[in-house]
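Hello,

I am passing a structure over to you, with some notes on what turned up in it. Please have a look at it first, then read on below.

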Amino acid sequence: MPATATRVMQAMSLADAIRVLGFDELKHEQKLLIEPSIAGHDVVGILPTSFGKSACYLIPGIVTGAKTIVVSPLIALQEDQVQGLREKGINAFAMHSGMEEIKRSAARYYFRRAPDGQPSFLYVSPETLLSQAFYEQFSTVRFDRIAIDEAHCTSTWGNSFRPD
């Protein structure tokens, strides 16, 4: 998988972002989260499985050209999301404890250098986010948005989910 998207997308309209992500339209509950987020408000959403939660942080990030950090304990989901976004021309990277250091280094390098106004998503596991190395490497990066996805995994299973 290449370190950067083949054609890099710029910020776009809400309608275009919905289309790029493959939706015909948004559900009412998604709109209740997406519209205030695009307007710059903090939002918290709790939605059922398979309801399109990722659209609730992806669309605002795409529309506003934001640098977004997505915290998710599910490594396979991170990899799927990153691959899907890259196929759509959107900068997306993952950093987690299961990766080789060379891949983490590439993710750091390209995410840090993404131009302002270009939607970019960095998926990190909770243990990566809380590491001293992450803090040192990203302390000067301005994240425009933060999303926490699949939080129920760690709140339900705690350290037995993934001890580190």
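**The sheet and its surroundings**

Let me begin with a parallel pair: strand β1 (residues 67-71) and strand β3 (residues 120-124) are joined by five bridges. One of the residues involved is V71, whose bridge partner in β3 is V124. Please keep in mind that this is a predicted model.

Where does this pair sit in the sheet? The sheet is open and has four strands with parallel pairing, in the order β2-β3-β1-β4. At its edges stand β2 (91-95) and β4 (145-148); each has a single partner strand, so one side of each is left without a neighbour in the sheet. From one strand to the next, the twist averages 20°.

Two helices lie across these strands. Helix α3 (residues 53-64) lies across β1, β3 and β4, and runs at about 145° to β3. Helix α5 (residues 101-112) lies across β1, β2 and β3, with an angle of about 145° to β2.

P126 belongs to helix α6, which spans residues 126-129.

Best wishes

Notes:
Residues are numbered from 1 along each chain as its sequence is written. This is a predicted model: local features need pLDDT of at least 70, side-chain atom pairs count only at pLDDT 80 or more; totals for chains, interfaces and linings use all residues. Side-chain values use heavy atoms; hydrogens and water are left out. Two strands pair if DSSP finds at least two bridges between them. Axes are lines fitted to C-alpha atoms, for helices over the stretch in contact, and angles run from 0 to 180 degrees between N-to-C directions. Contact means heavy atoms within 4.5 Å.
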